[in-house]
Amino acid sequence: MLLSSAAGFIYYTIWTILLPILDESSPIHAWFPSREWALRIPALIVVTGISAIGLFLGLRIVLDERAERRRHLNRKKQ
């Protein structure tokens, strides 16, 4: 897992830092997607991650409130 993360980091670093320096006719440009995706992909990952965290927290809050209401109703019945 560490090796794949390091490889991804190196690939992304070359893509975002080295490619703008190289000439457009360089054959290295064929190895990478266009530069606009260098921003879109991380933005998509961040939005997806934040949405997942918000969904998880929202579900936990709703489920905890339901459980608390059930406990409260059970106490009243007794």
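This is a predicted model: local features need pLDDT of at least 70, side-chain atom pairs count only at pLDDT 80 or more; totals for chains, interfaces and linings use all residues.
Start by selecting Arg71 and Glu68: these two form a salt bridge (a side-chain nitrogen of Lys or Arg within 4 Å of a carboxyl oxygen of Asp or Glu), with the closest N and O atoms 2.8 Å apart. Both belong to helix 2, three residues apart, so about one helical turn separates them. Helices here are DSSP runs of H or I with at least four residues, numbered from the N terminus. Colour by accessibility and Arg71 comes out partly exposed at 44% relative accessible area, while Glu68 is partly exposed at 40%.

Residues are numbered from 1 along each chain as its sequence is written, and side-chain values use heavy atoms, leaving out hydrogens and water.

Next, stay on helix 2 and pick Asp64 with Arg60. Their closest N and O atoms are 3.0 Å apart, in another salt bridge. The spacing is four residues, again about one helical turn. Asp64 is partly exposed at 41%, and so is Arg60 at 39%.

Now move to the loop between helix 1 (2-18) and helix 2 (37-77), and select Arg35 and Glu24. This salt bridge has its closest N and O atoms 2.8 Å apart. Both partners sit in that loop, so the pair ties together parts eleven residues apart in sequence. Arg35 is partly exposed at 39%, but Glu24 is exposed at 57%.

How many salt bridges does a search of the whole structure find? It finds four.

How values were computed: Helices (H or I, at least four residues) and strands (E, at least two) are DSSP runs, numbered from the N terminus. Buried means under 20% relative accessible area, exposed over 50%, partly exposed in between (1.4 Å probe, protein chains only).
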